[in-house]
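Subject: Structure for your review

Hello,

Here is the structure for you to look through. My notes on what was found follow below.

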Amino acid sequence: MFESTSLNERNRKKQSLVKIFFLMMTVLLILPVMIILGVLIYKGGPVLSFEFLFEMPTKNGAAGGILPALVGTVWLVTVALIASVPLGVAAALYLSEYAPDNWFTRAINLAIINLAGVPSIVHALFGVGAFVLFFEFGTSILAASLTLAVMTLPVVIVATRESLQAVPQSFREACWNMGATRWQTIRRVVLPNSVSGILTGVILEVSRTAGETAPIMFTGAAAILPFLPESVYDQTMAMSLHLFVVSTQVPNMPEGIPYGVALVLIGMVLTMNAVSIGFRTWLRGRKKW
Amino acid sequence: MDSPAATVTSDFAIQTDKLSLWYGSFQALFDVDLQIKQGIITSLIGPSGCGKSTFLRSINRINERLGYVRTTGRIEVLGHDIYAPDVELVQVRKQVGMVFQRPNPLPISIRDNVLFGYGIHNKGPKPSKEDQDRVVEDALKTVLLWDQVKDRLRHKGTSLSLEEQQKLCIARLLPVKPTVLLMDEPCSALDPKGTEAVEELIWQLRGEYTIVIVTHNMAQARRASEECIFMLLGEVIEHEPTEDMFVTPKQQQTADYIEGRYG
């Protein structure tokens, strides 16, 4: 009565084939990442040294270190975050907690989606027009960071809004019914319960900001500038642009250097992510602030 | 409405006059005229969709959160029109607390749950820790929860059993000294033992608070309320002392519903 039939046999074969197919696809997905990291470590690893990280470049980057690019990227990311996170979180709070559902809100949402879809080179030209020329910041860290901030704003807004909306409605109702105002509800219940999601958005933004090249090329980053920026009005080197320069613009470049720069850039992004994730875990543990 | 007890001007805690309510173009309440006595438990019964929850939610104006709700008529709480233009919503909510079908404690400690409303409405300087301790103890004792939780006040409110969560949800309303407690099927997520415990608690709270409780459970309405309102399709059919309604209903529709001919 319960013996297997030829149909069972066939289904079982099909089942295992499908499983193997999906497994292979998943492996294919990891493969490029492993190869990229492997090649970078293999070829760029030998270049890394204390001097490489902490000295000024010489011979257009063909010798010396990458310190100004490293410091420059930290400047760019920090200023971009200072500009975009408060703005993005505030906008998301409005859209999620206050905005009525009408044509105006829908138009804003549409604009955000479109903003996320604008190619980065277009943001670069916008940055030149708006921040470099119109506001007369010149080619500077400020102009470049603001351009990056505009570019990453949609990511922050969407991530924040989603994590706000993940807070159960019953929490809000509970507060409102005790006579809490919207702001009290947000401050005491909604934000503490969504802060880890908001930070995830910020982490995504950090990675993207550190890696973008186009938006900063025309707005504030210089190819080779062997001194450290002193204020947001200075030009600066940046890791992403430096990678582009040493890979394509300088003749007789020693083979290891571009790989070394790429390795440091990836290392930086991963470190920043790790720190943010650590911070997020810590906040989650406290859950009260 | 700062000192509620002093400004009571009628025997009725809640009075409505030709209250009608629309969700968009759908009319959910038709000319509801009700007088709910102070200090007793009144239950609202009726089949699903008859407007009993809608009515309940109008009394603390929580319905307004939905932008497409339109209300006409009057609702008076303790003799004051709560839809009057100079009414402060926060003060209405302070007087009229609400308990929901699913217990919804906040994901903070038990102690902080009880102190949440208290903190919001506290005008003066931050109360001392002793004051807070006393408030927490009083509220939790009133809802018969103190003995179970007194050693774990720092635990999350959400870690309690459903019955305890529901008691906590009642407890957190008490420190702001409301006069009316609205309960929207407060026991329907609980097991029979939990239901019994919460009913017992509600029974003990009467007198001090005016309680309006929506229920699907006929036996519960009969055991745990003093007056009973039967609603059907957005209209009030009958409003009688509970015992009279269950023994000698005046309207045929009430009799049919109570005997389970429709539900």
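**Helix α1 of chain B**

In chain B, α1(B) is followed by B:Arg61, which has a positive phi near 60 degrees. Please bear in mind throughout that this is a predicted model. The helix itself spans residues 52–59 of chain B, and seven of its eight residues are buried, so it is largely enclosed by the rest of the structure. The buried residues of α1(B) are B:Lys52, B:Thr54, B:Phe55, B:Leu56, B:Arg57, B:Ser58 and B:Ile59.

B:Lys177 is not a glycine, yet its phi is positive, at about 55 degrees. B:Lys177 belongs to the loop between α6 (162–171) and β7 (180–184) of chain B. There are 16 other C-beta atoms within 10 Å of B:Lys177, and the residue is partly exposed.

B:Glu185, also a residue other than glycine, has a positive phi near 45 degrees. This residue sits in the loop between β7 and α7 (192–205) of chain B. Is B:Glu185 buried or exposed? It has 20 C-beta neighbours inside 10 Å and therefore counts as buried, the cut-off for that being 20 or more.

**The contact between the chains**

Chain A contributes 15 residues to the contact and chain B contributes 20 residues. On the side of chain A that touches chain B, α7 (169–177) and α8 (182–211) of chain A each supply at least two residues. Which element gives the largest share of that side? It is α7(A), with six residues. By type, the residues on this side of chain A are seven nonpolar, six polar and two charged.

**The nonpolar core**

The largest nonpolar core holds 141 residues. Those with the most contacts inside this core are A:Leu76, A:Met239, A:Val261, B:Val77, B:Ala171 and B:Leu182. Helix α6 of chain A (residues 141–165) provides the largest share of the core, 15 residues.

For A:Met239, the contacts beyond its neighbours within four places in sequence are A:Ala69, A:Leu70, A:Thr73, A:Ala210, A:Val261, A:Val264, A:Leu265 and A:Met268. One of these, A:Val261, is itself listed among the core residues with the most contacts.

With helix α3 (residues 67–98) of chain A, the axes come within 6 Å and cross at roughly 35 degrees. The crossing of α3(A) with α6(A) is right-handed. Their contact is made up of 22 nonpolar, seven polar and two charged residues.

With α8(A), the angle is about 150 degrees and the axes are 8 Å apart. Angles over 145 degrees count as roughly antiparallel, so α6(A) and α8(A) are roughly antiparallel to each other. The crossing of α6(A) and α8(A) is right-handed.

Which residues meet there? From α6(A) they are A:Leu148, A:Thr152, A:Val155, A:Val156, A:Ala159, A:Thr160, A:Glu162, A:Ser163 and A:Leu164. From α8(A) they are A:Val190, A:Ser194, A:Gly197, A:Ile198, A:Thr200, A:Gly201, A:Val202, A:Leu204, A:Glu205, A:Arg208 and A:Thr209. The contact of α6(A) with α8(A) divides into nine nonpolar, eight polar and three charged residues.

Regards

Definitions and conventions:
Residues are numbered from 1 along each chain as its sequence is written. Chains are lettered from A and ligands numbered from 1 in the order in which they are written. This is a predicted model: local features need pLDDT of at least 70, side-chain atom pairs count only at pLDDT 80 or more; totals for chains, interfaces and linings use all residues. Two residues are in contact if their C-beta atoms, placed from the backbone, lie within 7 Å. Helices (H or I, at least four residues) and strands (E, at least two) are DSSP runs, numbered from the N terminus. Ala, Val, Leu, Ile, Met, Phe, Trp, Tyr, Cys and Pro count as nonpolar, Asp, Glu, Lys and Arg as charged, and the others, Gly among them, as polar. A nonpolar core is a set of buried Ala, Val, Leu, Ile, Met, Phe, Trp, Tyr and Cys residues joined through C-beta atoms within 7 Å. A residue is buried if 20 or more other C-beta atoms lie within 10 Å of its own, exposed if 12 or fewer, and partly exposed in between; C-beta atoms are placed from the backbone. Axes are lines fitted to C-alpha atoms, for helices over the stretch in contact, and angles run from 0 to 180 degrees between N-to-C directions. A crossing is left-handed if the near helix is turned anticlockwise from the far one by less than a right angle, and right-handed if clockwise. Angles under 35 degrees count as roughly parallel, over 145 as roughly antiparallel, 65 to 115 as roughly perpendicular and the rest as oblique.
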